[in-house]
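Me: Let's go through this one together, question by question. Ready when you are.

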Amino acid sequence: MSQHPTNELVLTESRSMRDQTIERTDVLDKVKTLVTLPNGFHVTTPMVANYFGVPLSTIDSLVQDNRVELEERGYHVLRGPELTAFATPFGGVANLGLSPKARSLALFTRKAVLNVGQLLTKSEVSKAIRSYLLDVEERQNTFQIPSTFAEALELAATQARELEQAQAALAEAAPKIEAHDNLIQYGANRTVGEVAKELSTSERKIMVSELRRLIVHEWKWAFPKTRDCGSTQYTPYAHKTDYLALGEEKYPHETRPDCWHATMRVTPAGREAIRRKLDKQSTEPAAPVPSRAIAPAPTEAEILSMVRRGA
């Protein structure tokens with residue numbers, strides 16, 4: 001990696017440069033592993049301070065100075081019922097490293113953490129992040145201008161060939177690229193739909209709706225909650241976060257900017273547990289259905305008796 005002893009500070013000074021590189025959250029784990037909450041989506045202020053190796057007060061001060069920009073990247077402070085709802089799947093605020101009497105919790109998304117790295121000057125980790133981001137930009141923007149018409153024609157022909165080859169290779173590799181991107185972004189976690197497809201066989205078809213019903217209502221691994229927008233958010237219980245996790249996708253609503261949704265995903269341990277449960281269900285004998293006793297035909301005397309009683 002080339003060094004940017006003076007250039008790396010351009011990110012701290014230029015909002016447009018920060019906007020240009022804010023999608024490169026993959027840089028965070030390339031520089032240093034970022035520890036998140038068990039939902040895989042959020043990072044608390046102490047976690048951010050630990051990641052950058054700076055005092056908690058440094059992060060608090062940076063947030064105070066750049067709050068609007070950080071909120072655009074997903075920074076959010078939970079209070080009251082919102083905090084209670086968020087902490088419940090983790091077993092309460094104490095499991096989030098807070099005092100049981102805590103009234104608020106600041107959360108950072110990965111983009112917000114990267115934004116801190118773009119702005120923070122007193123951290124070797126943030127310097128490495130900025131250098132990495134600038135290296136990527138430099139490689140993308142390097143371009144040699146042709147000096148003659150012949151060179152321009154040759155360059156155009158070369159670019160056309162490269163584009164055609166790239167498009168053909170991309171079409172051929174699309175499934176592998178999608179699988180690789182999923183692995184990078186979510187690890188080995190899968191959506192409920194992907195798990196249903198993965199576990200379905202010619203002998204046993206598993207519908208997505210049925211698998212979700214088992215996970216939520218029968219096995220009690222997660223609970224549904226209706227969001228303000230009317231959609232249903234599924235969230236794993238704290239004791240099942242080894243089986244389920246929330247993906248990092250954020251789905252804002254134009255009419256409700258504070259409403260977001262994260263996709264529930266099944267971990268490798270969760271998929272194995274589902275497989276065991278489904279195998280057990282398929283081998284268990286069906287509950288016997290009690291046969292209905294057939295009453296003998298009534299005798300002539302019984303029929304007369306019923307008629308007299310008005311039966």
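Me: By class, how many nonpolar, polar and charged residues does the lining of the largest cavity have?
Reply: Ground rules first: this is a predicted model, where local features need pLDDT of at least 70, side-chain atom pairs count only at pLDDT 80 or more, and totals for chains, interfaces and linings use all residues. Residues are numbered from 1 along each chain as its sequence is written, and side-chain values use heavy atoms, with hydrogens and water left out. For classes, Ala, Val, Leu, Ile, Met, Phe, Trp, Tyr, Cys and Pro count as nonpolar, Asp, Glu, Lys and Arg as charged, and the others, Gly among them, as polar. On that scheme the lining of the largest cavity comes out as six nonpolar, three polar and no charged residues.

Me: Which elements give two or more residues to that lining?
Reply: A cavity here is a set of points, on a 1 Å grid over the protein atoms alone, where a 1.4 Å probe fits but cannot get out, and lining residues have an atom within 4 Å of a point. The lining is made of Pro 38, Asn 39, Pro 89, Phe 90, Thr 235, Pro 236, Thr 241, Leu 244 and Leu 246. Helices (H or I, at least four residues) and strands (E, at least two) are DSSP runs, numbered from the N terminus. The elements giving two or more residues are β6 (232–236) and β7 (244–246).

Me: And how much space lies in the largest cavity?
Reply: The structure holds one cavity of 30 Å³ or more. Volume means the space filled by probe spheres set on the points, with grid points joined across faces, edges and corners. For the largest cavity that gives about 50 Å³.

Me: β7 also sits in a sheet; which strands stand at the edges there?
Reply: Two strands pair if DSSP finds at least two bridges between them. The sheet is open, with three strands in the order β4-β8-β7 and antiparallel pairing. Each edge strand has a single partner, so one side of each is left without a neighbour in the sheet; these are β4 (190–191) and β7.

Me: Which residue in β8 stands opposite Thr 191?
Reply: β4 and β8 (residues 264–266) pair in the antiparallel sense over two bridges. Opposite Thr 191 stands Arg 265.

Me: On to charges: how many salt bridges does the count come to?
Reply: A salt bridge is a side-chain nitrogen of Lys or Arg within 4 Å of a carboxyl oxygen of Asp or Glu. By this rule the count comes to 17.

Me: How many residues apart are Lys 111 and Glu 23?
Reply: Their salt bridge has its closest N and O atoms 3.0 Å apart. Lys 111 is in helix α8 (residues 110–119) and Glu 23 in the loop between α2 (15–21) and α3 (26–31), so to speak a link between distant parts of the chain, 88 residues apart.

Me: Is Arg 271 buried or exposed?
Reply: Arg 271 meets Glu 198 in a salt bridge (3.2 Å, N to O). Arg 271 lies in helix α13 (residues 268–283) and Glu 198 in helix α11 (residues 192–199), so the pair ties together parts that are 73 residues apart in sequence. Buried means under 20% relative accessible area, exposed over 50%, partly exposed in between (1.4 Å probe, protein chains only). Glu 198 is partly exposed at 39%, whereas Arg 271, at 11%, is buried.

Me: Last topic, rings: why is the pair of Tyr 51 and Phe 52 edge-to-face?
Reply: Rings of Phe, Tyr and Trp (its six-membered ring) pair if their centres lie within 6.5 Å; planes under 30 degrees apart count as stacked, over 60 as edge-to-face and the rest as tilted. The whole structure has five aromatic pairs. The centres of Tyr 51 and Phe 52 are 4.8 Å apart, and the pair is edge-to-face because the planes are at 90°.

How values were computed
On a 1 Å grid over the protein atoms alone, a cavity is a set of points where a 1.4 Å probe fits but cannot get out, and a pocket is an open set with protein on both sides within 12 Å along at least five of seven lines; lining residues have an atom within 4 Å of a point.
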